[in-house]
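Trainee: I would like to learn how to read a few features of a model. Can we go through them one at a time?

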Amino acid sequence: MTSSMKKGIRLILLMTALFFAIGWLATTLLPGNFVPFMLNQQLKRQLAVAEKSSEILKDKESIRVYTVGTASPMPGERIQTGNAVIVNGHFFMFDVGDGIVQKAENMGLPLNRLDGIFITHWHSDHMMDLPSLISRSWLLGRTNDLHLYGPDGTDTINQAIDQFLHIENRHRVDHHGRETMDVSKARAIAHEFKNVQGGKEIIYQQDGIKITAFDVDHAPIEPAVGYAIEYKGKKVVISGDTKKNELVLEMAQNADLLLHEVILNSLLKQMEARLKEEGMIRNEKIIHDIQDYHTPPAEVAEIASRANVKRLVLHHFAPPPDFRIVKNLYKKELSEFDGEIHFANDGDEFVIK
Ligand SMILES: [Zn+2]
Ligand SMILES: [Zn+2]
């Protein structure tokens, strides 16, 4: 490097440092002068997000799937289970675990246009953010009805949420007035279905979209279902929490995307033994118990392969594949499926055209 090049670099570094120093000093001493600029930038970002959402909602062809949260209840950085589906102007959420609402909002998903929530079963990692989703979508300006679909328990839980949110809703109306806060939209309309045990049932059919709930095997948790979403010859199947299951296989035949839960029992068995050695009896018992009501990778791969699915997306990881070693353990056990496999992250988007 010549000395004039070195001088040039030094000058650039100096100018950059000076620029940041002046910026820091100005925003510290005179923050008020920057408010119009800051508000303008924030508004621009909001408008850009709203415009993108509106474009997505106008799309008449695709099914869009967003893995908002991909964790199981095992500890880690990931948000618990929840998936958004946008299809033909409708915005649906499938499960609403802890953290889903904030993450969905940060992803720019149009919560003020949400019109359907579908719950697979009433484990906390699938429903803890449900009151928050109902309330937040209303606060963000939802003016359409919000429908809540789920198996037995849906009516009871929805009534409990009504009671839980009653005072909060009253505060908002008292403060901002009835015209701004239409309290009739502050609650969800429950649609509890009862007939899927051992079978399947079409629970939604509108605007060319068909959603079928089907029974899965998450015993002793009853009821527990998965969902198939079909539109214009395209199909997305969400397994729900389940052991290897013949109905998932049947529903997922030729699916464009199968979103399947997964559990790495080969690792959990070693974890269980280690916890036993340490005398951590309660943790050992829980790790032992969860191994027989989820699906190990080899069986997920078998289902995906036999069902001839185009894309297999794994989520609800137990444990999360965030260490290279863990991810490679999963991969080794998935070898039977030679199609496209994705280890979903929180916030991923999949578009089926
Ligand atoms: Zn779960
Ligand atoms: Zn579960």
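Trainee: Which residue takes a positive phi in the hairpin of strand 7 and strand 8?

Mentor: Bear in mind that the model is predicted. In this hairpin, 2 residues lie between the strands, and Asp207 has the positive phi, near 50°.

Trainee: How many bridges join strand 7 to strand 8, and do the strands run parallel or antiparallel?

Mentor: Two strands count as paired when there are at least two bridges between them. Here strand 7 (residues 200-206) and strand 8 (residues 209-215) are antiparallel and share 6 bridges. Within the pair, Tyr204 is opposite Ile211 of strand 8.

Trainee: At what angle do helix 5 and helix 6 pack?

Mentor: Helix 5 (residues 130-139) packs on helix 6 (residues 154-176) at about 45°, and their axes are 10 Å apart. The two helices are therefore oblique to each other. The crossing of helix 5 with helix 6 is right-handed.

Trainee: Which residues in helix 5 and helix 6 meet?

Mentor: From helix 5 come Leu130, Pro131, Ile134 and Ser135; from helix 6 come Ile161, Phe164, Leu165 and Glu168. By class, the residues of this contact are 6 nonpolar, 1 polar and 1 charged.

Trainee: How many helices and strands does the chain have?

Mentor: There are 11 helices and 14 strands. Of the 353 residues in the chain, 38% are buried. Taken along the principal axes, the C-alpha atoms fill a box of roughly 70 × 60 × 50 Å.

Trainee: Among contacts between residues at least 6 apart in sequence, what percentage join residues at least 24 apart?

Mentor: For this chain, 68% of those contacts do.

Key. Residues are numbered from 1 along each chain as its sequence is written. Chains are lettered from A and ligands numbered from 1 in the order in which they are written. This is a predicted model: local features need pLDDT of at least 70, side-chain atom pairs count only at pLDDT 80 or more; totals for chains, interfaces and linings use all residues. Axes are lines fitted to C-alpha atoms, for helices over the stretch in contact, and angles run from 0 to 180 degrees between N-to-C directions. Helices (H or I, at least four residues) and strands (E, at least two) are DSSP runs, numbered from the N terminus. Angles under 35 degrees count as roughly parallel, over 145 as roughly antiparallel, 65 to 115 as roughly perpendicular and the rest as oblique. A crossing is left-handed if the near helix is turned anticlockwise from the far one by less than a right angle, and right-handed if clockwise. Two residues are in contact if their C-beta atoms, placed from the backbone, lie within 7 Å. Ala, Val, Leu, Ile, Met, Phe, Trp, Tyr, Cys and Pro count as nonpolar, Asp, Glu, Lys and Arg as charged, and the others, Gly among them, as polar. A residue is buried if 20 or more other C-beta atoms lie within 10 Å of its own, exposed if 12 or fewer, and partly exposed in between; C-beta atoms are placed from the backbone.
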